[in-house]
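Please look through the structure below together with the report that follows.

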Amino acid sequence: MDIPILSIMLFLPLVGMILILFMDRERDVGLIRWTATVTSGLTLIISVWVIALFNSGQPGIQLEEKVPWIGQLGVNYHLGVDGLSIPLILLTTLLTFLSIVYSWRIQERVKEYMAFFLLLETGTLGVFCALDFVLFYVFWEVSLVPMYFIIGIWGGPRREYAAIKFFIYTLVGSLAMLLAILALYFNSNPRTFDIIQMAQQNPLAQAPVLAALVFWGLFLGFAIKVPLFPFHTWLPDAHVEAPTAGSVILAGVLLKMGTYGFVRVSLPIVPDACTEFAGWLAGLALISIIYGALCAMAQPDLKKLIAYSSVNHMGYVMLGIAAACAYVGPHAAATIGDSKVTALNGAVLQMFTHGIITGALFFLVGVIYDRAHIRDVNAFGGLAKVMPVYAGIMIMACFASLGLPGLAGFVAEFLVFLGAFGSYPIITGAALIGVVITAGYFLWTIQKIFLGPVNLQWKALPDMDGGEIFAVAPLCALMLAIGVYPMPIIGLINTAMRNLVVQHGFVATNLASVTSLVHHILNLFA
Amino acid sequence: MPIDDLTQVSVQLHLTVLAILVLALDLVIPRRGTWGLLWNKLPAGVATAGLLLGLYPVALLWGIGPRTEFSGCLAINNFVLFFQGIFLVVGALVILLSIDFFRNLRQGYNEYFSLIVFLVLGMTVLAAANDLVVLVVAFELVSIPSYVLAAYLRRDPKSNEAGLKYFLYGAAASAMMLYGLTIVYGLGGTTNLLALGEKLEAHVIAGGGLLAPLALVLMGVGLGYKIAMAPFHAWAPDVYEGAPTPVTTLLSVGPKAAGFAIVARVLWQLGQPLLGGWPMLVAILATLTMFTGNLLALRQTNMKRMLAYSSIAHAGYMLIAVVVGPNTEWAAQSLVFYIGAYVLMNVGAFAVAILVERNAGNALIASYDGLARSAPLAAAAMGIFLLSLTGIPGTVGFVGKFLLFGAAINSQTWWWLALVGIINSVISLYYYMNVVRVMYFSKARHLERIRWSAGVAAVICVTLAGTLALGIAPMPLLSITAHASYLAAYF
């Protein structure tokens, strides 16, 4: 690799942040906004370029960069992407850019706001690019700090409580993860912090007890981030109090770090423990799905409703991951390998689609909150007449979220269910209840806000302005595009997921070829 | 005595001459006339430059190999030299913090700097002590200037209280330690630490008795007091709060680091023969120290008290490395590295505290209200120091904790100390971030603007640069600490 393109993408936002730090916070507000917008826009362009350079047919890590960093400890600066990280990188750069565009309306402490957002972008991109545990951990934590400030400074009335709760919860998880990383390091031979090498070594294959401890250490780190029931309680607080763009990044990107961790770290490095405890993962995923949906249905606050719907939707991701590493016994169907790949494909796609759908939904909640200064679902009515554009976009996003065929959410959830059924038929069947409840509360919400007689109190609300439409339009376009023709993005993901399932012994049987799998999926949509 | 030996104590000789020179300068500098004010700064300047110059002899002695000099009274090895270097830097930083702080002092302005140099001298001897008698003398040479310095603001009742409390606690602790050392001497028949190891071994083989464990416990009281280990930590919050803040800075890093140097060397050498189960005892005390410091820090409203409890907690973290012992990879290095990291971040945090205290007139955390608006640079620096104390990556504090917990995991036996450590890190996050909350999240502002002083600004710059640079690229400090801990024997 001649140009270190991943590094350029990764540190461009940091450069932007440093530039902003040198600007005057009162005189240069316009310049600060432009710097942030241009930097994040360039980062988005570079990430698209990264996808263009990425060869989706080739398994393994691409665009690799590896130089020694802390030589004494064997820590390398090791970056690389595969089909798992590519969609999440695009998600991060896209949502960050749109968040910054949307945040032009922020008037208070613009300099710090933009600086923190750019730092956040470097942190989250770093998590998805890093292939060395120490580097991974550093970026993991670096993404934590700016979000703490974003919630704490620009958040709602209970922002201080929400900010520290978010920070403490995630720090508990990440420190547990740190211990697991150290345990892995001291048991690897030769000692390494490299995630890829560690996956090849499978250092704890002969030490099931330690492997179990490491699995649960990693689990705590990732599950809190996802968040999986019962570690989800920070999420409603953080989401409700965070400013709009903060919620977008939190739901759209930060939650994905948890599920990404499961697929990138837990599955390949402690595969046996994953198989052993897959039932637990599936069970917790099921509880998250049902419980999250039920909680969402009970919320009068629109933002909280979407926050709980995230618990529900991330449950599907976890169900797909659990299904992929489940123990299926020697008598499983011959296609179980395909099912597992399908489940993982669905899980990764769901990470992406949930990011764009929920990102859009949080922007849209911000739109109505900026105008009405309340978010109570019951306080509106007939808004479809007052704000037709807003109503159209919002209804589309809700439909995408509840899994209407033709929109992105359906494809991902369908793949998860399709794949998970092979491993966990009963749990998967029960999880479908979650879909029904989700449909229920979203339809109900649409009805309460947009239909019925116009609430006269809101009859003068202006419709969405250009900036707001600009922030949401690309997300809506993606929802539709993936919903109608998901093959390009599934093609990106599929090779890496197949590789994972085959290499780490989650199936005994041979897998069908890629092309037959693609045909299999295409036939389903035909 | 061959003259050659003197080069081996060139650090101590240098400091002795420097201390006397600073004291003498005060007598001869003119105080009146146009240049009077400038002349008055001369002793402080000479002391700072002299302390930093002391790094040169340290560097000369570095890497020659472990040895003892002066009939085995002093140990000279990289481990000891690393600590001596730390003390010199700490002394220089504290003087820079003090120049403006004591500006209005009516008398004794320049004696103050001489006392700091004497204290640094005491610490360099204490870290190197290889003989019980030298250990006692060095212990007192550290303690006595500390008592005086803690009470340096004579008109401030709190400062007087601090000095007196420190003295009374210190006297009792010294007496206990001395008693313990007497027993050790009685058992071993020699005052040389190196020889004692073997002699005590023979005593244990011969049947031993309760005297040996008793001696260890009594020594532990004295040394535990110095590093503020629970349950001998009670003096710290009152003394830290009452003492002039630059002195608090010094006490929180200097004698603590010196204490750790000698605690590690004594326990690693004499622990086994005196009490076979010492690691478990110290592990329990480390746990107690971490929880005591962190839990009591949660409710503090005074910055100095909060940092006092935090420094107790950090002593607990460092004790993990002492427990794990020098035979486990990473352990000795993590102790040395953590000391270096702790000096950077803690002195930095105190430097900002001094800045705010000088402007607000008190050390209450409430005075930090809205600091991010009135002094964005100071607030950002404080935020980074606090994140480093918590152990967030990107700062040197993370690398320190990474090594410490890694050592504990690597030892296998003591993995649970790493668990205790992370639980405590989470607790500490709450009170460190409470300060960040006050600085950043508040809409009000307590101070309109901040008046900086050159010395404080310099210290903040140096420590901030160190905290961040060594957090991102810890390689230089790792190399040095690897050399400082790469020794079969610490004597």
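## Where the two chains meet

In this predicted model, the side chains of Glu108(A) and Arg373(B) meet in a salt bridge, at 4.0 Å from N to O, where a salt bridge is a side-chain nitrogen of Lys or Arg within 4 Å of a carboxyl oxygen of Asp or Glu. Side chains of opposite charge can pair when their charged atoms come close. Between chain B and chain A the count is three salt bridges, and the rule for polar contacts finds nine residue pairs across this interface, both residues at pLDDT 80 or more. A polar contact is a pair of N or O atoms within 3.5 Å; within protein, one must be able to donate a hydrogen and the other to accept it, and residues adjacent in sequence count only if both atoms are side-chain atoms.

On the side of chain B that touches chain A, α17 (371–374), α18 (376–390), α19 (396–411), α20 (415–441) and α22 (475–485) each supply at least two residues, and α20(B) gives the most, with twelve. Helices (H or I, at least four residues) and strands (E, at least two) are DSSP runs, numbered from the N terminus. The contact, meaning heavy atoms within 4.5 Å, takes 35 residues from chain B and 37 residues from chain A. The area buried between the chains is about 3400 Å², of which carbon and sulfur atoms give 74%; buried area is the accessible area (1.4 Å probe) that two parts lose on being put together, summed over both.

## Conventions

The model is predicted, so that local features need pLDDT of at least 70 and side-chain atom pairs count only at pLDDT 80 or more, while totals for chains, interfaces and linings use all residues. Residues are numbered from 1 along each chain as its sequence is written, chains are lettered from A and ligands numbered from 1 in the order in which they are written, and side-chain values use heavy atoms, with hydrogens and water left out.

## Salt bridges within the chains

Over all chains, the count comes to 22 salt bridges. One of them joins the side chains of Asp194(A) and Lys66(A), at 3.5 Å from N to O. Because Asp194(A) lies in the loop between α7 (159–187) and α8 (195–201) of chain A and Lys66(A) in strand β1 (residues 62–70) of chain A, the pair ties together parts that are 128 residues apart in sequence. Asp194(A) is buried, with a relative accessible area of 2%, whereas Lys66(A) is partly exposed at 42%; buried means under 20% relative accessible area, exposed over 50%, and partly exposed in between (1.4 Å probe, protein chains only).

In chain B, the side chains of Lys165(B) and Asp238(B) meet in a salt bridge, at 2.7 Å from N to O. This pair links helix α9 of chain B, which holds Lys165(B), with helix α12 of chain B, which holds Asp238(B), 73 residues apart. Salt bridges that share partners join Lys158(B), Glu161(B), Lys165(B), Asp238(B), Glu241(B) and Arg305(B) into one network.

## An enclosed helix

Seven of the eight residues of helix α12 (residues 235–242) of chain B are buried, so this helix is largely enclosed by the rest of the structure. Among these buried residues are Trp235(B), Val239(B) and Tyr240(B), and what covers them includes α8 (132–150), α9 (157–188) and α11 (211–226) of chain B.
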